[in-house]
Amino acid sequence: MNERQIIDHIAALSAQGDGRLIKGIGDDCAVVAKDGRLVWLLTMDTIIEGVHFDLAFHPPEKLGRKLVSVNVSDIGAMGGQPVFALLSLGMPKTFESFWFKAFAKGLADGCREYGCLLIGGDTVASPQGFNCTLTVIGEAVAEQVIFRSGARPGDMVWVSGSLGLAAAGLELLKRKLDRAGGDFGPLVAKHLDPIARVGLGRCLGESGLAHAMMDLSDGLATDLSHLCKQSGVGARIAAWELPISPALIEAARLTGADPEQWAVCGGEDYELLFTAPAEAHGRLLELGRQCGLTLTPIGTVTEGEGVVLRRRRADGTCEEQGIAYQGYDHFRRCPAGKPGRMQP
């Protein structure tokens with residue numbers, strides 16, 4: 001079974017709830033009624049040594065911040081604001097106190113930066129490395145929550161920021177090329193210390209412009225496929241519109257990688273992926289400027305199903321390739337390395 005099949009199986013066994021549950025499994029957060037105006041947003045993510053981080057080059061303080069960011073990103077992807085956090089921390093019995101204190105500082109700094117309060121959790125001894133789980137509880141105005149399921153044929157597909165940076169940064173770190181002379185700081189930082197787009201998500205929720213949204217954690221190919229499946233639509237992406245930075249191209253040249261592959265399949269960018277009507281184009285560009293971020297339209301939502309990447313040939317015609325679910329999957333059985341994550 002792959003990761004998607006596992007989640008679908010669990011979802012099929014889940015209870016329907018008691019009326020307070022607005023959205024359960026299948027979105028960035030569970031959504032639970034709070035009062036007549038607000039809803040609770042609940043999410044949980046785990047980072048595992050050897051899967052998501054390598055202690056050889058991931059400083060503990062930045063790891064603590066990353067644990068907060070990857071969870072808070074889910075809250076932002078639904079237009080909400082993080083409020084509370086709960087930590088579950090597994091560490092080897094031989095852990096060094098300086099490592100734990102630096103990790104805890106990063107965790108506290110991250111919570112403070114995003115405006116959420118750590119209120120409890122659990123600590124356990126781990127027989128095999130560090131594993132860290134954070135549950136984040138946020139809130140949002142009910143009518144401003146953006147689900148994955150609202151995309152409509154004719155919508156434009158948008159992303160924030162640049163794509164593939166985290167995957168490139170990880171590859172540079174693994175090869176000890178992060179100081180190879182190029183302008184690779186943003187790539188390395190994207191893997192070690194990503195920034196959740198909470199402010200942008202909240203602005204999109206308030207604007208009412210986005211029909212569907214999620215964060216980019218497993219790569220564009222997989223995450224857009226999830227969004228399309230929840231919405232009952234397909235999508236066509238233009239390779240020439242993908243926001244690929246010059247630094248990413250230089251890192252690909254240095255490592256022999258394909259920058260487009262990083263942009264399409266690389267995970268852990270934690271940018272926002274959303275759809276909106278074509279007539280909202282100008283307003284979205286302005287909203288991005290107000291948030292200090294570049295927003296880029298990269299394709300169109302279509303009827304039917306599947307995600308297709310279009311490339312231009314030398315003769316001016318286009319070729320199309322299905323790319324659905326080609327991003328990161330924890331349980332995919334293949335010998336190749338996993339883009340955007342550590343090789344277990």
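Predicted model: local features only at pLDDT ≥ 70, side-chain atom pairs only at ≥ 80, totals over all residues.
Which side chain does a polar contact of 2.5 Å join to that of Ser160?

1. The partner is Glu271: the side chains of Ser160 and Glu271 are joined by a polar contact of 2.5 Å. Ser160 belongs to strand β7, which covers residues 156–160, and is buried, its relative accessible area being 0%.

2. The side chain of Ser160 also has a polar atom 2.9 Å from the backbone nitrogen of Leu272. Beyond its neighbours within four places in sequence, the residues in contact with Ser160 include Arg197, Thr294 and Leu295.

3. Glu271 is buried at 1% relative accessibility, and Arg197 is buried at 17%.

4. The whole structure holds 17 salt bridges. One of them pairs Arg148 with Asp27, with 3.8 Å between the closest N and O atoms. Because Arg148 sits in the loop between β6 and β7 and Asp27 in the loop between β1 and β2, the pair ties together parts 121 residues apart in sequence. Arg148 is buried, with a relative accessible area of 12%, and Asp27 is buried at 10%.

5. Lys105 and Glu61 form a salt bridge of 3.4 Å, N to O. Lys105 is in helix α3 and Glu61 in helix α2, so the pair ties together parts 44 residues apart in sequence. Lys105 is partly exposed at 44% relative accessibility, and Glu61 is partly exposed at 31%.

Terms used: Residues numbered from 1 in each chain as written. Heavy atoms only, no water. Helix = DSSP H or I, 4+ residues; strand = E, 2+ residues; numbered from the N terminus. Buried < 20%, exposed > 50% of the residue type's maximum accessible area, 1.4 Å probe, protein only. Polar contact = N/O pair within 3.5 Å; in protein donor to acceptor, adjacent residues only side chain to side chain. Contact = heavy atoms within 4.5 Å. Salt bridge = Lys/Arg side-chain N within 4 Å of Asp/Glu carboxyl O.
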